[in-house]
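Welcome! Here is a short briefing to read alongside the structure, arranged by topic so that you can follow it one piece at a time.

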Amino acid sequence: MKIDIQAPFQVFDHIRVMIEDKLNKMSTFYEHILGAKVFLRDDVNPFLHKPSRVVEIQLEVPGTTFFAESTEETFEQALASAAEKIKKQVLKHKEKAEV
């Protein structure tokens with residue numbers, strides 16, 4: 001699977017490895033995944049006035065594209081949360097395709 005990671009800053013290797021591990025696990029649930037795009041960015045929460053980390057995942061499969069976004073205190077937490085959301089979408093799609 002081709003994974004494209006985009007960010008307006010230098011992505012550390014441990015984050016890159018974590019992204020690749022999480023997304024490569026998706027192919028164990030559904031083998032027809034074509035590719036993924038991951039967007040990382042820093043935001044400032046307007047209510048709490050503190051920085052937050054945003055991870056957006058776009059997963060392409062034949063016939064559709066899945067999308068998940070998560071905002072957390074760290075990129076690791078945001079990635080885990082977004083990956084879980086994508087996993088649920090993939091499993092639901094697979095279940096519908098098998099029926």
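Beyond its neighbours within four places in sequence, Arg-16 is in contact with Ile-5 and Val-11. Keep in mind that this is a predicted model.

- Arg-16 is found in helix H1.
- With a relative accessibility of 30%, Arg-16 counts as partly exposed, since the range for that label runs between 20% and 50%.
- Val-90 lies 74 residues away from Arg-16 along the chain, and the C-alpha atoms of the two are separated by 22 Å.

**Helix H1 and its two sides**
- Helix H1 covers residues 13-29, which is 17 residues.
- From its first C-alpha to its last, H1 reaches 25 Å, close to the 24 Å expected at 1.5 Å a residue.
- Ile-15, Ile-19, Leu-23 and Met-26 are the buried residues of H1.
- These four sit on the same side of H1 because they cover an arc of only 55° around the axis.

**The largest nonpolar core**
- This core has 24 residues, and those touching the most other members are Ile-19, Val-38, Leu-40, Val-55, Ile-57 and Ile-86.
- Two or more core residues come from each of H1, strand S2 (35-45), strand S3 (50-61), strand S4 (64-72) and helix H2 (75-98).
- H2 gives the largest share of the core, 7 residues.
- Leu-40 touches residues including Ile-5, Phe-9, Val-11, Ile-15, Ile-19, Val-55 and Phe-75, leaving out those up to four places away in sequence.

**The aromatic pair**
- How many aromatic pairs does a search of the whole structure find? The search finds 1.
- The ring centres of Phe-9 and Phe-75 are 5.6 Å apart and their planes are at 40°, so the pair is tilted.
- Phe-9 lies in the loop between strand S1 (2-6) and H1, while Phe-75 lies in helix H2, so the pair ties together parts that are 66 residues apart in sequence.
- Phe-9 counts as partly exposed, at 29% relative accessibility.
- Phe-75 is buried, because its relative accessible area is 13% and buried means under 20%.

Methods:
Residues numbered from 1 in each chain as written. Predicted model: local features only at pLDDT ≥ 70, side-chain atom pairs only at ≥ 80, totals over all residues. Heavy atoms only, no water. Expected span 1.5 Å × (residues − 1). Buried < 20%, exposed > 50% of the residue type's maximum accessible area, 1.4 Å probe, protein only. Arc of directions from axis to C-beta. Contact = heavy atoms within 4.5 Å. Core = buried A, V, L, I, M, F, W, Y, C linked by side-chain atoms within 4.5 Å. Phe/Tyr/Trp six-rings, centres within 6.5 Å; stacked < 30°, edge-to-face > 60°.
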